[in-house]
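Dear colleague,

I am passing on to you the structure shown below, followed by an account of what was found in it. Please read the text with the coordinates open beside you.

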Amino acid sequence: MGTENPSAPSRAQSAADRNPTRSRHRTGGIVHENTRHTTRFTVIGNHLTQHPELSLLAIGLGCHIQSLPAGTPADIKSLAARFKEGTTRIAAALRELEAHGYLRRERVRTATGRIITRTTSCNQPGHRREAANTDCPAPPPRPAASDRAPQRRPRKALPAVPQPTQAAATALHQRATDLLGTLRRLDSRLLLSAADTAHLVPGVIAWLEREVTPTALRHALTADLPDDPLRRPAALLAHRLTAHLPPPPPYRAPLGPPPVRHPLRTCEGCERAFRAPETETHCRDCRTTAPFTR
C-alpha cells in the first residue's frame, strides 16, 4: 500500500492539456456558436467586416447593401427610411464605402430624360470580373498635385431642339424667352445662362405654335425632376422639348372674308336709320309694304 505506482500519471490530464490549441481561459473573448447556413445567406469578406479604417456604421451599411437583391433601391432616402440613423450619418457612411472602393455611384439618364443615381456594390475592391458588367476596379492612383496640370474640358454640345416656322419664331420669340426665364422660380436649379436660353428658345416656340399654353409647357418641363443635383439643366430641358413635343393642332379651313358692313343712312319713307348700299334709299319695310318711285 505504501508503494507508489510509477506508471500512473502524477495528475489527471485536462482537456486543455490534450489539445494545446484550446484556450485554458473560460472567460473573456468571443465564443462562436455557429450553425451552417443553407439558404438566405450572404458571403462577406473579413476585409470589410474587420476594416481598420471604416466606421462601424459604414461596415454595417456595407454588409447590408451587399445582402440586398439586385434592383433594390440603395439611395440615401431609401436607406434612411429603413434605418433610424438619419440621412446625414447614412450619407457619410456611403462616402466612406465609396472612398474605400466598396461602393460606386454614377448618374445616368433614363430613356425618359430623368437622371438617376445607379449604385454598384463591390464585394472585393480591386478585383475585376470579366463576365459581368458591374466591374469594381480599383481606383487609379491620383497623380501628385505638382504633376496635375489644369485642363479645361470642352463643353459638350446641347441636344438639338425642335425648330418652329419662320412666322412663329418672329412672333413668339419674346414669349418663349420670358417663359424660360421664369423656370427658376419653380426650381432654383433651372437657372439658365443666356447661351442656354438662346439654344432652347426655338424649341419653346415650337410648342407654343402648337397651341400649348405657357402653364402646360412649364409643367411639362418641370414635372418629376430628379432629386439629385442637375449638372446640365439645359440639356434636360432640351431633351424634354424634343421627346415630348406634341403634334400640330388640327387643321382648320381658312375663314372667308368678313361680311361687308354698310354705313347707316336715313330712310326717305319712314326716316328710320338703316344700313344699306348707297343705291338704296328706303329701308326694308318701306320697300316691301309700299311701292315707291325711284
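**The largest pocket**

The largest pocket has a lining of 28 residues, and those lying nearest its centre are Ala74, Asp75, Thr117, Arg118 and Thr119. Please keep in mind throughout that this is a predicted model. The space in this largest pocket comes to about 920 Å³. Four elements each supply at least two residues of its lining, namely helix H3 (56–67), helix H4 (76–82), strand S1 (103–109) and strand S2 (115–121), and the largest share, seven residues, comes from S2. Sorted by class, the lining of the largest pocket holds 11 nonpolar, eight polar and nine charged residues.

**The hairpin of S1 and S2**

Leu103 has Ser121, in S2, as its bridge partner. Five residues lie between the strands of this hairpin, and there Gly113 takes a positive phi near 95°.

**The largest cavity**

Searching the whole structure for cavities of 30 Å³ or more gives one, and the largest cavity has a volume of about 40 Å³. Its lining is made up of Leu48, Gly62, Ile65, Gln66, Leu97, Tyr102, Leu103, Ser121 and Cys122, so that Leu103 and Ser121, the bridge partners described above, are both found in the lining of the largest cavity. H3 provides the largest share of this lining, with three residues. By class, the lining of the largest cavity has six nonpolar and three polar residues, and no charged residues.

**Nonpolar cores**

Which members of the largest nonpolar core touch the most other members? Among its 27 residues, these are Leu200, Val204, Leu217 and Leu241. Helix H7 (173–181), helix H9 (194–208), helix H10 (214–222) and helix H11 (233–243) are the elements that give two or more residues to this core. If residues up to four places away in sequence are not counted, Leu241 touches Val161, Pro162, Leu200, Gly203, Val204, Trp207, Leu217 and Leu221. Another core, of 14 residues, lies apart from the largest one, and its members include Cys63, Ile90, Leu94 and Leu103.

With neighbours within four places in sequence left aside, Asp196 is in contact with Arg155, Leu158 and Ala234.

**Two loop residues with positive phi**

Most residues other than glycine have a negative phi, and two residues are worth checking against that background. Arg40, which is found in the loop between helix H1 (15–18) and helix H2 (46–49), has a positive phi near 50° although it is not a glycine. Arg40 counts as exposed because its relative accessibility is 84%, and exposed requires over 50%. Glu271, placed in the loop between strand S3 (264–266) and strand S4 (273–275), is likewise a residue other than glycine with a positive phi, here near 60°. With a relative accessibility of 66%, Glu271 therefore also counts as exposed.

Pro249 belongs to the loop between H11 and S3. Its relative accessibility is 28%, so Pro249 counts as partly exposed, a class that lies between the cut-offs of 20% and 50%. Although Pro249 and Glu211 are 38 residues apart in sequence, their C-alpha atoms are 6.8 Å apart in space. Once neighbours within four places in sequence are left aside, the contacts of Pro249 are with Glu209, Arg210 and Glu211.

**The chain as a whole**

The secondary structure of the protein chain comes to 12 helices and four strands. Of its 294 residues, 26% are buried. Among contacts in the chain with a separation of 6 or more, 53% are between residues 24 or more positions apart.

With best regards

Definitions and conventions: Residues numbered from 1 in each chain as written. Predicted model: local features only at pLDDT ≥ 70, side-chain atom pairs only at ≥ 80, totals over all residues. Heavy atoms only, no water. 1 Å grid on protein atoms, 1.4 Å probe; cavity = no way out; pocket = protein on both sides within 12 Å on 5 of 7 lines; lining within 4 Å. Points joined across faces, edges and corners; volume = space filled by probe spheres on them. Nonpolar A, V, L, I, M, F, W, Y, C, P; charged D, E, K, R; others polar. Pairing = 2+ DSSP bridges. Core = buried A, V, L, I, M, F, W, Y, C linked by side-chain atoms within 4.5 Å. Buried < 20%, exposed > 50% of the residue type's maximum accessible area, 1.4 Å probe, protein only. Contact = heavy atoms within 4.5 Å.
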